[in-house]
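Student: I would like a close look at a single part of this model. Please take one chain and work through it in some detail.

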Amino acid sequence: MRHGKYPFIIGFLAVPVALYGTFVVAAYVQTFQLSFTSFRGFGAATYVGLDNFVRLWDDSQFWQALRNHAVLLIFLPLITIAIALVFAFLLNVGGGAKGGMQRGVWGSKFYRVVFFFPQLLALALVAVIFGRVYSPDGSGLINGLLNGGDDPILFLADQRWALWSILAVLIWQAVGFYVVLFSAGMGSVPQEIYEAAALDGATRVTLFFRVTIPLLWNTVQVAWVYLGIAAFDAFALVNIMTVDRGGPDGATMVLGMLIYRNIFDYSQYGYASAIGVVLFFLTLTFAALTLRVTRRDTVEM
Amino acid sequence: MAGKKGRKPSADEQGTVTVGRSGLGTVVANTFGVIFAVVMIFPVYWVLNTAFKPAPEVLQFEPSFFPEAPTFDNFISAFNAPYFVDDLINGMLVTVFAVFGALVVGFLAALAIARFSFYGRKALILIILAVQLVPLVALLIPLFLMMQKVQLTNSLIGVGIVYLVLILPYTVWTLRGFIAGIPRELDEAALVDGCNRWQTFWRIILPLTGPGLVATSIYGFIQAWNEFIIINTFNSPEKQNLMAWLLQNQTNRGTAWGPLMAGAIITSLPVVVFFLLIQRNIATGMTAGAVKG
């Protein structure tokens with residue numbers, strides 16, 4: 001397959017590269033350009049140098065958003081991966097063995113579909129559902145169950161709870177995807193390895209920590225990057241669920257929300273672009289760092 | 001293995017060695033499974049429950065677990081609401097356009113990346129992956145300005161193109177995994193048998209990537225169908241999709257939970273049906289893209 005390959009390559013890549021060049025690369029270049037201007041959506045964009053970035057440095061909402069991202073960045077991957085690993089393990093291996101084959105718990109096919117379900121639901125529907133779950137009056141699922149609506153917990157309106165409430169929804173939505181992802185990984189672990197471990201007297205817990213996790217490390221790493229990126233986003237959910245879009249008092253503010261509000265509430269296109277530039281570098285730095293830090297020798301199967 | 005020594009390896013009647021045969025462990029594992037499944041599914045069940053209840057029953061103080069008098073009224077009033085049907089059709093058009101377009105464009109690109117080595121291949125892969133990482137909202141302004149310039153705002157085509165670009169990276173990356181999984185010997189055998197390069201792609205690789213195409217399309221489908229920020233920014237209400245419709249009505253109507261839930265169910269239905277149809281393929285689809293670096 002040597003001679004005459006370039007016509008194919010060029011033909012195959014022309015359209016995607018053109019689309020990418022126009023709608024992504026050029027769009028980013030424009031975001032970078034706008035971030036040095038005081039553009040407000042009409043007229044010419046005035047060059048203001050680094051003013052937007054200086055202003056950002058002094059913006060308390062920006063720092064609040066960064067703190068919220070930090071919380072999400074730690075807990076979203078940690079909790080989601082932990083839950084997903086345990087359940088993927090239960091679904092694939094946890095049910096004990098029969099005829100020499102490790103099997104999942106009873107009904108594991110059913111669970112797989114159930115866990116994946118939240119992934120399929122429209123975000124608007126998720127917001128509606130959890131609006132009811134968190135509702136402060138007696139009709140709210142949690143408050144209704146807890147105490148019939150007396151002395152309710154104001155999940156979304158209380159600064160102490162708001163971010164955690166959003167985090168719970170993010171986890172609820174994400175877990176299924178990772179259960180399926182890890183299940184696929186576990187499915188490719190040869191039965192002989194489990195058998196050998198069993199011969200050595202391994203319990204479920206030992207199997208989980210000493211066989212499954214090391215063999216799945218690559219997949220866990222990928223999951224970590226995905227979830228970290230989700231933690232940098234979280235904008236859509238914050239936009240439609242939280243009090244005062246990012247409130248109360250900035251408790252759920254994220255960078256995406258800040259960009260959105262600067263565009264639509266204040267018409268500060270230049271400033272919004274500057275936040276976009278920061279977000280761009282933060283996300284890429286995170287991804288590169290995660291891949292580097294979590295790199296370790298993978299176990300060959 | 002330096003594990004616990006609490007249990008000795010036990011051999012069952014056939015002489016096979018097993019793990020986790022203790023009754024207690026199995027019960028605990030199954031109980032966990034059930035509890036977690038309930039947590040995952042309960043909110044969904046609750047939406048269904050509300051959607052089939054007549055209006056007065058929805059607001060009852062004592063919530064009931066089944067509608068006393070199930071009704072389709074909520075679905076009917078959702079369908080009669082302004083722009084609902086328009087936005088339903090718009091959403092489908094835009095989604096089908098984006099998913100189909102991304103599959104065609106993405107398949108060719110994946111083919112080039114998986115089957116040829118060429119100058120700049122690594123850089124291309126890096127750019128594709130890197131850009132996928134950054135939240136879309138950062139691109140909202142330039143995309144809008146661009147579409148405005150070519151007069152594609154307030155049009156389904158403009159939004160469709162943006163969605164296509166949005167789901168393209170994942171499509172390329174996942175299909176690349178599938179194509180890389182097809183042994184090159186098959187291509188070579190076909191070439192030896194007298195196929196030209198085109199025929200190899202068309203008759204060998206494309207059919208073998210079939211399940212991959214299906215699995216890949218679900219992700220694009222979910223993305224495009226559920227997107228609302230772009231379409232809400234670019235288009236007026238009669239040219240939006242159901243997601244944008246739902247959000248607008250969520251704020252406008254306040255307490256009309258029944259029709260809203262019904263609308264939300266209709267919105268989620270296509271994705272759920274699509275998923276149930278192809279769910280067998282889905283695990284392979286995801287691992288192909290994610291794991292085989």
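To begin with, what percentage of the 293 residues of chain B count as buried?

Tutor: The model is a predicted one. In chain B, 42% of the 293 residues count as buried. The secondary structure of chain B consists of 12 helices and two strands. As for contacts in chain B between residues at least 6 apart in sequence, 76% join residues at least 24 apart.

An unreviewed UniProt entry lists residues 27-48, 88-111, 123-145, 157-179, 200-222 and 256-278 of chain B under "transmembrane region". Two of these stretches can be set against the model. Residues 27-48 of chain B are 100% helix and 0% strand, and 31 Å separates their end C-alpha atoms. Residues 157-179 of chain B are likewise 100% helix and 0% strand, with end C-alpha atoms 30 Å apart.

For a helix pair, turn to chain A. There helix α1 (residues 6-34) packs against helix α13 (residues 269-293) at an angle of about 120 degrees, and the axes are 7 Å apart. The two helices, α1(A) and α13(A), are therefore oblique to each other. The crossing of α1(A) past α13(A) is left-handed. On the α1(A) side the contact is made by A:T31, A:F32 and A:L34, and on the α13(A) side by A:Y269, A:G270, A:S273, A:G276 and A:V277. By type, the residues of this contact between α1(A) and α13(A) are four nonpolar, four polar and no charged.

Technical notes
Residues are numbered from 1 along each chain as its sequence is written. Chains are lettered from A and ligands numbered from 1 in the order in which they are written. This is a predicted model: local features need pLDDT of at least 70, side-chain atom pairs count only at pLDDT 80 or more; totals for chains, interfaces and linings use all residues. Axes are lines fitted to C-alpha atoms, for helices over the stretch in contact, and angles run from 0 to 180 degrees between N-to-C directions. Helices (H or I, at least four residues) and strands (E, at least two) are DSSP runs, numbered from the N terminus. Angles under 35 degrees count as roughly parallel, over 145 as roughly antiparallel, 65 to 115 as roughly perpendicular and the rest as oblique. A crossing is left-handed if the near helix is turned anticlockwise from the far one by less than a right angle, and right-handed if clockwise. Two residues are in contact if their C-beta atoms, placed from the backbone, lie within 7 Å. Ala, Val, Leu, Ile, Met, Phe, Trp, Tyr, Cys and Pro count as nonpolar, Asp, Glu, Lys and Arg as charged, and the others, Gly among them, as polar. UniProt positions are given in the numbering used here, feature names are shortened, and annotations may be inferred rather than shown by experiment. A residue is buried if 20 or more other C-beta atoms lie within 10 Å of its own, exposed if 12 or fewer, and partly exposed in between; C-beta atoms are placed from the backbone.
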